[in-house]
Amino acid sequence: MLLKEGQFRNPSGCAVTGVIDRSGKSMSGEGMIEAISVMHDRSNGLGGGFAGYGIYPHYKDFYAFHLFYDGNTARADTEKFLTRHFEIVYSSEIQTRKIPSVKDEPLIFRYFLAPLPQKLANSHLDEREYVARCVNRVNAGIEGAYVFSCGKDMGIFKGVGYPEDIGRFYRLEEYEGYAWTCHGRYPTNTPGWWGGAHPFGLLDFSVVHNGEISSYDANRRYIEMFGYKCTLQTDTEVITYIIDYLVRKQGLSLEETAHVIAASFWRTIREKEEETREQETLLRRMFPSLLVTGPFSIILGFTGGLMALNDRLKLRSVVCAEKGDKCYIASEESAIRRIEPDLDRVFSPAGGEPVIFKLYDQQGGRA
Amino acid sequence: MKRIYVNEKWCLGCHLCEYECAFAATGLSDMAKALKGKRIAPKIRVEDCGDIHFAVNCRHCKDALCVKSCISGALSKGEDGVVRIDRDKCVGCLTCVLVCPYGAIMPAPDGHAAQKCQLCTDNTCGVPNCVAHCPNNAIVFEER
Amino acid sequence: MDMYIQPEYEVVRREDRCIACRVCERQCANLVHSFDPETGKMQADDSKCVNCHRCVCLCPTHALKIVKSDDTYRQNANWDGQTINEVYKQANAGGVLLSSMGNPKPFPVFWDKMLVNASQVTNPPIDPLREPMETQLYLGKRTVKIERDERGRIKNTLPPQLKLSAPIMFSAMSYGSISYNAHEALARAAEELGIYYNTGEGGLHKDFYKYGKNTIVQVASGRFGVFKDYLETAAAIEIKMGQGAKPGIGGHLPGAKISADVSETRMIPEGVDAISPAPHHDIYSIEDLRQLVYSLKEATEYKKPVIVKIAAVHNVAAIASGIARSGADIIAIDGYRGGTGAAPTRIRDNVGIPVELALAEVDARLREEGIRDEVSIVVGGSVRSSADVVKAIALGADACYIGTAALLALGCHLCRTCHEGKCNWGIATQRPDLVKRLNPDIGYKRLVNLVTAWNHEIQEMMGGMGINSVEALRGNRLMLRGIGLTDTELRILGIKYAGESL
Amino acid sequence: MRYVIIGNSAAGVAAAEGIRSRDKSGEIVMISEEKFPAYGRPLISYYLLGATDRAHMDYRPSDFYEKNGITLRLGVRAEKIDPVGHTVLLSDGSEIGYDRLLAATGSRSFVPPAEGLSEVKAKFTFMTLADALALEKALSKKKEVLIVGAGLIGLKCMEGILGRVKKVTVIDMADRVLSSILDEKGSQIVQRQLEARGVRFVLSDSVVRFEEGRAKLKSGGEIAFDLLVMAVGVRPNIELVKEAGGKTDRGIVTDEGMRTSLPDVYAAGDCTESSDIASGKRRILALLPNAYRQGYCAGENMAGGDARFGDAMPLNAIGFFGSHILTAGAYEGESFITGEGDTYRRFFVKDGVLKGFILIGAPERAGIYTALVRERRSLSEVDFEMLKTEPRLSAFSAEERKKALAAEV
């Protein structure tokens, strides 16, 4: 019997891509589908997914939960749990279209939620921590239910199939957002469980990842000390938790986080100017177990922006490009060229050097 | 030039250098075959005095009295600084023995000539064999 | 009359190779060899031979070998020859049997039952000759709360840490148990390598204060040589609670080894036995330990990490948890195979547990409790190769202590008679004529060679795993698989069986 | 710059080497009355003995003169020095100018007048290769040889020819052999050893008259001989310098830099006097090591250096048929004797320093003693008791040993 994610450690190769319009202008998911289709060969039909930001403007103050259910029992149990902890502002099955190659889809539901104020107050938790813990309880505690997206004004859409098929399955051409990421998966060992597809999300963080990290168990065993449970045993999951821990819990900036995850080599740090050297040395001394080694290229989606990051040896490709207000990130330049042949700038970030694209209004105006 | 220097602090008095010297002179590859049953006449000699031990061999003096005193011209100082003896020229008068302040040149066992350390430039060892086999770096071959 | 006991080893001399140079005779402090002027031949007294191989190594014609005697009592699976002889010895003399170095009994070696992973296809191995391969690390607490200055820069709120260029340190070996020259070799090697050596409980010789930056000073139950300068000179302070070779008992350095120099360094009278009590008499509980930890920190203005060293015993995880909460920065765990200059045989061979299992338990326990960042873990006793180091780190250690391996590099041949004080290799002796056999110029280079070689091998293995920092190997147990282990052992080690997938 | 060196033996060669240590280009002319390139003069007895041969007697390799840019004029005698005109008149009538001149004129055999001596046809001296070659021609197993003089020259000659003639008799006025370098006990040992080899000694006696094949002795006896070797002594060749107005005594007088009293004229070797560091007296030290060091010193100074040779002392390494006699320094002060049988060591100590020694049959490491004499080292710094029985560096302080063995010397 094949095991599903969480019952075995599952690394995989992949294609990733992302786009953001820094002016905040919306675009549909069509472009992403187009881009990822170029990198068809980097996926093997066992997983594809998207994350869109700014897609739920009408519900932007509510947590948008996307759930897979194996059946109605799971759904009923989950909704009972959600009702106890949240005000459900809106719920519905996510609209999909039939695609011949996309099979065995679970029930896919969406909820817009707000924590119950009394419950939240009683928990003595920060609101986001409250939400994160509730998500954990569903995923770990309710058989056949899986929350795969739980941020505000963003959503993850994923499943088993080629990513372009998954995009059409979810009718992403009908969604509009200022930023999108997309993932095509090439798992080396999976039955193709829908929950195991990427992006992986925690609150408004979404991560798409291409690579196979060699530090996995060191990272996992460390991060699990801080209340995270790496139930899926995927790289993407542990990287998401690391980012969440460093950014949300430790208050590091994204750049600082990048210097932990993909830290410069000691010998490189030694050659940097004093202040940088001190800061990067401190980060390495403080969080050595969160250094991620082995090949990876990730695109982190967050409210208001995208970050591309390579492992420190740049063992996986990632290309960035700019055209006017739009910025692109992809495993291969061809994917970007497909949707925007005429680029202002194309560059390949160095290993360990984060590339962060933010909405202008998040970075204090146009750069 | 590279010379052999002695550090008596580390000399254990094992006398291996003497055997290695004698072995080097034979040009053979097996020490047992070379020295078994033989009385050795090494050009390096270890002095033992209670717990003090040290090896003595030619110092290859800059201003070598032995060379200056040699009646036959058998002793010479090469351009490499090595003081050598030409056994065919040496008549064994031992004037060199009489003038060497270190007692580092000695009658050869056959009695017809003197003998001395030539830093293994007269064999195929490459580096002085005594140094190569000193177990405790009590003799070293270096530039100082 | 004493029961005659047949010598355990015999000296075999190939007469066709012996040239009677008498090196063996001059180099044997046990007076095994002698020259017979009548026959012109060398002869040997096997009963004095401890099998240290000094003569074998120095014999220029390789005429010597030492073989195990084939003399035997009637075969008995229960009463083997050694056991019987030990009874005879005790019946002869009535004393506690003494031994040296680590437990030689055939217990399982768990290092040898773990295999290391390598990358294939899905993830590239990294070539350490082409790419940086980091073995540098820091030891100490990593518990921080990010604080920033007015310019938003992260403030350095880290407790003091030790910086290591490789995950290897030299274990505690006291001046007294080992020689001045051995200490000098260790100190100089540590300095050149950018690692640390450890004074053991013998104090720090005044000549070695200059190596303070690479010195860990030990505070043990005898408190030998402990005073202000000693603490201030060091890079870190280690409280020795126990030792793997002899958990639960103290130390005993016979008066014969307390030379003038040793006496000055230990601050005890010359020629009088130096006895370290079994417990610290001011530490009868974990709370007491905490007080000593903080006393030492107070004394050194919180500038130096404090290490607490314990022997691996049955309840090690709980003990470690207590230590992690005591303010200590580093826990050193010493396995039951660790070496010693002298220990009662029965203790050495029967007390304690393997460090591999202790490490796995401690690391898991500290993580479960969320306090793994409170302390670094250093393991020793016995780490025999770079592969052991890699496995230890993958199990969860931050670094390893090597003692026996370091002594082997210095010439030790594990004859296990350190307690007799006549070490022919100049290591475990204070006899000046023997001490001088270890030239620290040679010794330190051999130590540097050893650690450098291991570091290269660690880098090779890490590169094979696709890991380019030792920090990403720490606790990375997926990189290990067990072989020939029971389910219980696998569970304790927290690893899967070879062949089980990711 | 032209350097002219009169003499082509140890002192002359050394001077050329000394010059070349400072001046690679100046012209060097060496003038020698002898017809051979420099050879080890003391080798002539070894030559007769068969311990060496003509091919191995050259003092320097065959390319020595060429390599050092030396013009060698053999078979020419320097007749006269003109110190004012800086010229030397040669026996071939030519004149050679010099900027610096070295007189390394050596010594010559001294043959005292004796009645009937001029009638003796087969008579020889024993100083030069030519002497030895001449003697060699006369040698045969049938011949009896009389050597007059039981000193160094006479006995070395004896050693060289003993095996090649029927019989050797040595006569000396002194009552013992090698009286200039040995004490009585030492002479006895050597005499006994040589007599055992068949040498006949006639001591405390002298020849009063030579008659056909016979020497009539003062004691009244007579000795028959076929060949006569006159080995009574040597005289330094000081005339050339003396006649040019240079200061001489028994030998040519120089300062420690080997300068004579004549401007630009230096002297070295057996023709000069030295200050004996052991006895403190000025004397002629006609010894090869001495000659070389003087010559080298002179050469350096001729080429503008400021070298000094201030530690001359008597040194004798002599041996017969495999036995060795090494002596050095002065025999004054308290003496200590060790050894037994044919091993004999005698040390002379005065004012707390070793002044001299005699070693018979114990040559090993004798230089350690020589250095003590030369350096005038106080015996309180060494373990003299140890040294009396064996020359060892162990007898010195560790610090001294360090200087000797752990540093460049």
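No contact joins chain A and chain D, two residues being in contact if their C-beta atoms, placed from the backbone, lie within 7 Å. The table gives the closest C-alpha atoms for both pairs.

| Chains without contact | Closest C-alpha atoms |
|---|---|
| chain A and chain D | 42 Å apart |

The model is predicted: local features need pLDDT of at least 70 and side-chain atom pairs count only at pLDDT 80 or more, while totals for chains, interfaces and linings use all residues. Residues are numbered from 1 along each chain as its sequence is written, and chains are lettered from A and ligands numbered from 1 in the order in which they are written.

Three pairs of chains are in contact, and chains B and D share the most contacts among them. Here 35 residues of chain B are in contact with 40 residues of chain D. On the side of chain B that touches chain D, the largest share, four residues, comes from α4(B).

Within chain C, helix α4 (residues 180-193) packs on helix α14 (residues 440-465) at an angle of about 45°, with the axes 8 Å apart. Helices are DSSP runs (H or I, at least four residues), numbered from the N terminus. Axes are lines fitted to C-alpha atoms over the stretch in contact, and angles run from 0 to 180 degrees between N-to-C directions. The angle makes α4(C) oblique to α14(C), as angles under 35 degrees count as roughly parallel, over 145 as roughly antiparallel, 65 to 115 as roughly perpendicular and the rest as oblique.

Definitions and conventions. Helices (H or I, at least four residues) and strands (E, at least two) are DSSP runs, numbered from the N terminus.
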